[in-house]
Amino acid sequence: MFKLSHYCVDAGCRSISKTTISAFSNDVHRCNFPATLNIHRYSPASRCYSTHLSDSSREVRLNHLEGDDEGIATITLNRPSTKNALGRSTVMQLQESLESLYETQSNLRVAVLRSEVAGVFCAGADLKERLKMSQSEVAEFLFKLRGALPLLGSVPIPMIAAIEGSALGGGLELALWCDLRILADTARVGLVETKL
């Protein structure tokens, strides 16, 4: 059981500036969850160690934080040109990051799925990219996407979606696969494909 005790959004840069979650349980999903977890807007270069999955040119980055935040991993969506829409490379990199979490989860207490793009968490499927695909390519993409999403829910540590801005369609589905969702005052969520 979790208690959201403090949440604020920095209006100047539209980022999640501080979130404190207090856990009432010492054992969540059979791992030691920190009594208090502060989620800040982390700089990729500070307070984390680098792997090939944390390269700033990637659309999905995995960072393991250090120091006071050791035991926390962040998975960061960063595809500003499409508002973090889920395209082929995004889904592939998300899957790689989640598989890496499985390998290192014994050293982690929690993982946070977040966006680096201001005002948006994830806009859902990349429909412009999909228009250029053949039917067989669309089927292959959907197969990979359906394989990646359940990985979020089966990571053996608590997975938190930090949502600021829009989480639409597949973006909301990403968040729904997480164990806990924290929404900023500016968050908008919806399954807009029901209107298509």
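Author: The model is a predicted one. The protein has 196 residues, and 46% of them are buried. Its secondary structure consists of 4 helices and 14 strands. Of the contacts between residues at least 6 apart in sequence, 58% link residues at least 24 apart. The exposed surface comes to about 10,000 Å², with 52% of that supplied by carbon and sulfur atoms.

Now to the loop. The strand β8 covers 72-77 and the helix α1 covers 88-104, with K83 in the loop between them. N84 lies in the loop between β8 and α1 as well.

The backbone comes next. K83 is not a glycine, yet its phi is positive, at about 55 degrees. N84 is not a glycine either, and its phi is also positive, at about 65 degrees.

K83 has a relative accessibility of 52%. The cut-off for exposed is over 50%, so K83 counts as exposed. N84 has a relative accessible area of 2%. Buried means under 20%, and N84 is therefore buried.

Put together, the loop between β8 and α1 holds K83, which has a positive phi and is exposed. The loop also holds N84, which has a positive phi but is buried.

Terms used. Residues are numbered from 1 along each chain as its sequence is written. This is a predicted model: local features need pLDDT of at least 70, side-chain atom pairs count only at pLDDT 80 or more; totals for chains, interfaces and linings use all residues. Side-chain values use heavy atoms; hydrogens and water are left out. Helices (H or I, at least four residues) and strands (E, at least two) are DSSP runs, numbered from the N terminus. Buried means under 20% relative accessible area, exposed over 50%, partly exposed in between (1.4 Å probe, protein chains only). Contact means heavy atoms within 4.5 Å. Accessible areas come from the Shrake-Rupley method with a 1.4 Å probe; for residues, only the protein chains shown count as cover.
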